[in-house]
Amino acid sequence: MTTKSMDELILAEQKKLAEYDEKSKELMEQMHSQVDTDKGIDAESEEEATEKITEYLANHSETGSLEYLVRGATLVCRNGSHKRRINLKKCHGVYIGSHPLIHELDCVPGDNYNIAMFGVCQPTGGPGVSRETVSYVKTEENSRDGSSGTVTGEKCTPVIIGVWQDTYPSTRIVDNGLKNPEDRARAWSRMETPCGEATVTCNSFLVCKYGGLIEPIDSGQNVENEDEHVCDGETGQTGAPAPHEHQRKTNVGLSDFPEFYVDGKMMLGGNQRWFKNEAWYSGATQDDIISKCGCGLIAVGNLLLSLSMQDKKYETAFTDIVKPDTVNGGYNYESYKNYIYALNNVFSPVVRNFGLNGFLMAKNINNYSDQFDLGLSAKWGGVKGDEMITKMAEMLDNDLPVILCIGPKLGFGEREGVDFYAYNKAKGKYENSGTVNNHYITILGIEDSWDNPPRTMLRLSSWGKEYLIYYDDYISYANEQLDDYSFCNMLYITKE
């Protein structure tokens, strides 16, 4: 069964629940009444109403203001023992900073979907049910009430009635195609206007049929990696302007890409520095080699895992090594490291001091595809200039990440590499974060910049973080090198 068909089945179940039986209708009315009271909607005076909504927003967002919910927002259920983060395996192509927005249909329960279980359930208003008895450890960080210890009771198995409630219909998002494929088709056709789904905010909530009220306690917008990455080949900053977030427009982009919750931050794609070992000069272990020269291996691993997220056809014994993070969303990064070890040992070994060249990378992916009958065909290079951006758009349109190499400096030009731009949340914009060469990156989208006329930008993953680069900067750097695009090029892949 493909991922799409599974999502269609889940959506069918959601639609059934949306038609409410009488008990569900009664419960939904009770929950709306309860939330309305909390928000001060039925307050007797304007002063009381203002006080209540101020208190409500302070308890449901980091800033005390109405914010959009994004992937990674923390949710609690009033009947549950533990906090959980909302997941979104396939983005809709709309972001605040590097965070994909959530819409009203993003409420599918299940560890591999949007809403994970909330530990132990103590139903208060819904029908009783006999479920598995479990015990979980609570800490101040993961428990709903900030307490610690062990809690025992019925295992939470959320069953969502309908969709997100009290959403923000004025801002609408076109679905990624899994929950509303017809609307996505309208958007891609450019012949019809899509309807879109209402966005979810800190004001929104979900109702579980067992009497649970599920609500956010933060927007998730602060869950990001603020660390600065010092790159091989970095030479400092230029004075180039940086794009402003509100002026970005995605022309074409990837729908699925793995994320990992590491050290309190959500990471976009893998990071070779998770393998860092101080013994590089004395021992040269597998971790040392991957840490120093493994950017190509990480890019391959991210690509294959991204494909397995989209369609079960691409799941293999290797991608099955990576397990979901049921607490924080995304994938467990320790299991991802084991997956990278396996790829390195069997299909895509990294050579000490040299890494992985593009031609060998293509051969390794073709061998992997043949082994598991995936129908993929990979070829390194052979494209230049406008042909390269056309090939990138073609791959992204087919949900294929693009592995691109910023080659080593082999010419006499002034450019030392390609400028990377990272999002600065405090300033609300992207800023130049350094110049990079001799490095593989993974392209996730093609966007318009704020310039007049607009310049083409590439959205990418590297070192577990999102960056932007100007496409013409990349081409200018590539044209200055003496290798005639042997290194500065892309991995072109087609599906059967």
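I began with Glu215, which is buried at a relative accessible area of 6%. I keep in mind throughout that this is a predicted model.

**Entry 1: the partner of Glu215**

I looked for what the Glu215 side chain meets, and found Arg78 in a salt bridge, 2.6 Å from N to O. The pair links distant parts of the chain, since Arg78 and Glu215 are 137 residues apart. I placed Arg78 in the loop between β1 (74-77) and β2 (84-85), and Glu215 in strand β12 (residues 213-216). Arg78 is partly exposed, with a relative accessible area of 28%.

**Entry 2: other salt bridges**

How many salt bridges does the count come to? I got 15.

I checked Glu48 with Lys52 next; the closest N and O atoms of this salt bridge are 3.8 Å apart. The two residues sit 4 residues apart in helix α3 (residues 46-60), so about one helical turn separates them. Glu48 is partly exposed at 30% relative accessibility, and Lys52 is partly exposed too, at 23%.

Then I turned to Lys312 and Glu315, a salt bridge whose closest N and O atoms are 3.6 Å apart. Here I again found partly exposed residues, with Lys312 at 37% relative accessibility and Glu315 at 34%. I also noted a network: salt bridges that share partners join Arg415, Arg455, Asp472, Asp473 and Glu480.

**Entry 3: α2 against α3**

How do α2 and α3 lie relative to each other, roughly parallel or roughly perpendicular? The axes of helix α2 (residues 22-39) and α3 come within 7 Å and cross at roughly 105°. Angles from 65 to 115 degrees count as roughly perpendicular, and α2 and α3 are therefore described that way. On the α2 side I listed Val35, Thr37, Asp38 and Lys39 as making the contact, and on the α3 side Ala49, Lys52, Ile53 and Tyr56. These contact residues divide into 4 nonpolar, 1 polar and 3 charged. Lys52 was already in my notes as the salt-bridge partner of Glu48.

**Entry 4: helix α5**

I asked how many of the 8 residues of helix α5 (residues 286-293) are buried. The answer is 6, and the helix is mostly covered. I wrote them down as Asp287, Asp288, Ile289, Ile290, Ser291 and Cys293. The buried residues of α5 pack against α6 (295-310) and α7 (333-346).

**Entry 5: positive phi outside glycine**

I looked up Asp373 and found a phi near 55°, a positive value in a residue other than glycine. Asp373 lies in the loop between α8 (358-372) and β16 (376-380), and counts as exposed at 63% relative accessibility.

Tyr485 is not a glycine either, and has a positive phi of about 65°. I found Tyr485 in the loop between α10 (471-480) and β23 (491-495). Is Tyr485 buried or exposed? At 8% relative accessibility, Tyr485 counts as buried.

**Entry 6: confidence**

Last, I checked pLDDT: the chain mean is 81, and 84% of the residues reach 70 or more. Over residues 225-251 the pLDDT is below 50. In the model, this stretch has 83 contacts beyond near neighbours in sequence.

Terms used: Residues are numbered from 1 along each chain as its sequence is written. This is a predicted model: local features need pLDDT of at least 70, side-chain atom pairs count only at pLDDT 80 or more; totals for chains, interfaces and linings use all residues. Side-chain values use heavy atoms; hydrogens and water are left out. A salt bridge is a side-chain nitrogen of Lys or Arg within 4 Å of a carboxyl oxygen of Asp or Glu. Buried means under 20% relative accessible area, exposed over 50%, partly exposed in between (1.4 Å probe, protein chains only). Axes are lines fitted to C-alpha atoms, for helices over the stretch in contact, and angles run from 0 to 180 degrees between N-to-C directions. Angles under 35 degrees count as roughly parallel, over 145 as roughly antiparallel, 65 to 115 as roughly perpendicular and the rest as oblique. Contact means heavy atoms within 4.5 Å. Ala, Val, Leu, Ile, Met, Phe, Trp, Tyr, Cys and Pro count as nonpolar, Asp, Glu, Lys and Arg as charged, and the others, Gly among them, as polar. pLDDT is the predictor's confidence in each residue, from 0 to 100.
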